[in-house]
Amino acid sequence: MSRLYDTAEPSLVDEELLQKAVEEQGPQDQAGQIAKEEGMQYDEVCQLRLDYKNILKIDHLWQFTSLTKLQLDNNIIEKIEGLGRLTNLKWLDLSFNNIEGIEGLDSLVKLEDLSLYNNRISVIENMDTLLNLHVLSIGNNFLAQLENVIYLRKFKNLRTLNLAGNPICKEDRYKIFVAAYLPELVYLDFRLLDEQTREQAFGKYQYAIEEMRHNEAQERRAMDARQEQEEELQLHRDAFVELLNGPYLFDSMYADDAEAAKLAYLPGVSVLLETYPSPYSSHLVALCVQVFEIGLAQRGRREDEVKSFFDCSREAVDDNQQRAAQIAADFEKARRQVMSEIQQATDARLLEAQLNHCSEEINQLCDSLMTQELQLVDQLEDIIKDFERNISDMVAGFIEVCRDLENHHHEKLLEIAVATLERVAKNELEEDMPDDVRMLFVDKDTVINAVSASHDTHLLKIDNREDELMTRCNSWMSALMKSVQDEEVKRNRKRISEIHNYIDYVRDQLDEMQHEHH
């Protein structure tokens with residue numbers, strides 16, 4: 001069923017084999033000779049045949065990023081691998097090999113035609129991303145579970161399927177089962193699925209299919225909801241304020257606070273928890289939601305500012321280019337006049353004056369362009385500084401209010417703890433408390449340390465959230481600044497190079513004119 005090993009030594013996909021294959025399949029005329037002399041650009045090759053090469057392992061194909069068609073049939077390949085970078089593949093033939101499992105195809109999302117005919121595959125799987133699949137040939141393999149065909153329902157574009165030669169084809173219900181569960185299929189095992197077969201299939205599996213459709217619809221809705229949730233969370237991440245639209249920060253402050261559970265037993269703390277942490281938590285949650293909303297609005301303003309900056313930059317560049325073109329046109333007009341005068345000039349001093357005049361005009365062009373670029377850099381710095389100031393002020397204000405609330409809470413808790421300590425010392429404490437809570441009141445230091453430890457835990461959570469928010473804001477701004485500055489440097493260098501080349505060209509022409517004149 002699968003391909004037998006040749007008696008010859010298995011070959012490797014190496015540089016030599018690839019170069020030879022590309023040369024053989026490329027143009028054979030003069031164009032081919034030129035290509036051979038200049039070297040093969042693998043990233044420009046669109047089709048590649050590596051069939052009948054006795055290949056055991058797929059390797060070294062990562063350079064062929066433009067490939068749309070790849071033939072690896074009639075080899076002795078045991079594993080699908082090394083194809084991850086070939087993201088433009090539409091047609092892949094791995095038939096007549098020794099492949100045991102479907103894998104390594106995740107990134108080939110453009111794949112339309114896949115042949116795995118005549119291998120050793122027992123399960124159809126690991127193809128979830130190949131949603132553009134039109135043709136699948138997986139006949140002459142070891143597929144033994146007919147229900148495995150249901151996996152192919154997710155491929156809504158699948159029209160041609162070959163399963164012939166698998167154990168599942170021996171089942172009486174095979175054809176009707178496939179027709180029922182893959183209603184969009186047009187060709188099965190190289191034959192058109194006729195209406196009679198479809199009607200039979202519908203009649204036999206109607207209720208099972210309806211139930212499956214219902215389940216699939218539910219799954220789709222759940223998936224859409226998850227995707228929507230993920231997109232919303234990503235929006236929040238982009239604004240650096242994820243998980244601030246609710247009690248997450250407040251809950252996290254108490255989640256890791258071992259002392260808080262003990263201190264909750266203190267007489268009076270229960271009242272404090274009823275009257276204070278509720279407002280404390282609701283106040284803090286309200287603040288978190290407030291900063292969350294500010295963060296989202298800030299993200300919108302930030303995007304507007306960045307867009308505005310790039311719009312302004314483009315406008316300034318366009319204006320700059322128009323002015324530069326006008327300056328160059330004026331200069332050319334003057335230069336032609338000077339050239340005419342030089343040709344007729346008999347006075348060496350006049351000739352020198354005209355040359356100097358031309359050089360001065362070019363220098364002015366250079367200065368004008370450089371001035372425009374400096375203005376662009378200044379404009380960028382102003383926008384970034386304004387944004388940095390805005391978001392920094394917003395973050396600082398939020399964190400300070402959180403700290404004020406926490407400090408107030410800490411003072412109240414400390415008052416209760418010290419009062420309880422005094423009552424314990426006078427044996428006035430009647431309330432029942434667990435032993436580990438009573439242990440807090442052996443002396444003043446112990447109880448104060450417990451309250452302080454709880455306070456430190458809360459402040460640490462607030463500090464960590466502040467650090468994370470500030471770090472990500474600064475990181476985003478630094479990356480933006482660097483990319484903009486890098487682009488400016490590149491553009492600046494290019495412009496200066498263009499100016500220098502133009503100056504050299506004009507001066508060379510003037511030099512030639514001067515020599516001719518003499």
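Which residues gather in a patch of negative charge on the surface? They are Asp-224, Glu-228, Glu-231 and Glu-232. This is a predicted model, in which local features need pLDDT of at least 70, side-chain atom pairs count only at pLDDT 80 or more, and totals for chains, interfaces and linings use all residues. Residues are numbered from 1 along each chain as its sequence is written, and side-chain values use heavy atoms, with hydrogens and water left out.

A patch joins like charges within 9 Å, from residues with over 30% relative accessible area and no salt bridge. Glu-232 belongs to helix 4 (residues 195-238) and is partly exposed at 45% relative accessible area; partly exposed lies between buried (under 20%) and exposed (over 50%), with a 1.4 Å probe and protein chains only. Helices are DSSP runs of H or I with at least four residues, and strands are E runs of at least two. Lys-156, Arg-213, Arg-220 and Arg-221 form a positive surface patch, and Arg-213 also lies in helix 4.

The whole structure holds 8 salt bridges, each a side-chain nitrogen of Lys or Arg within 4 Å of a carboxyl oxygen of Asp or Glu. In one, Glu-216 pairs with Arg-153 at 2.6 Å between the closest N and O atoms. Glu-216 and Arg-153 are 63 residues apart, and both are buried.

Technical notes:
Patch = residues over 30% accessible without salt bridge, like charges linked within 9 Å, V, L, I, M, F, W, Y side chains within 5 Å. Areas by Shrake-Rupley, 256 points an atom, 1.4 Å probe, with all protein chains shown as cover. Lys, Arg positive; Asp, Glu negative; His and termini not counted. Charge placed at Lys NZ, Arg CZ, Asp CG, Glu CD.
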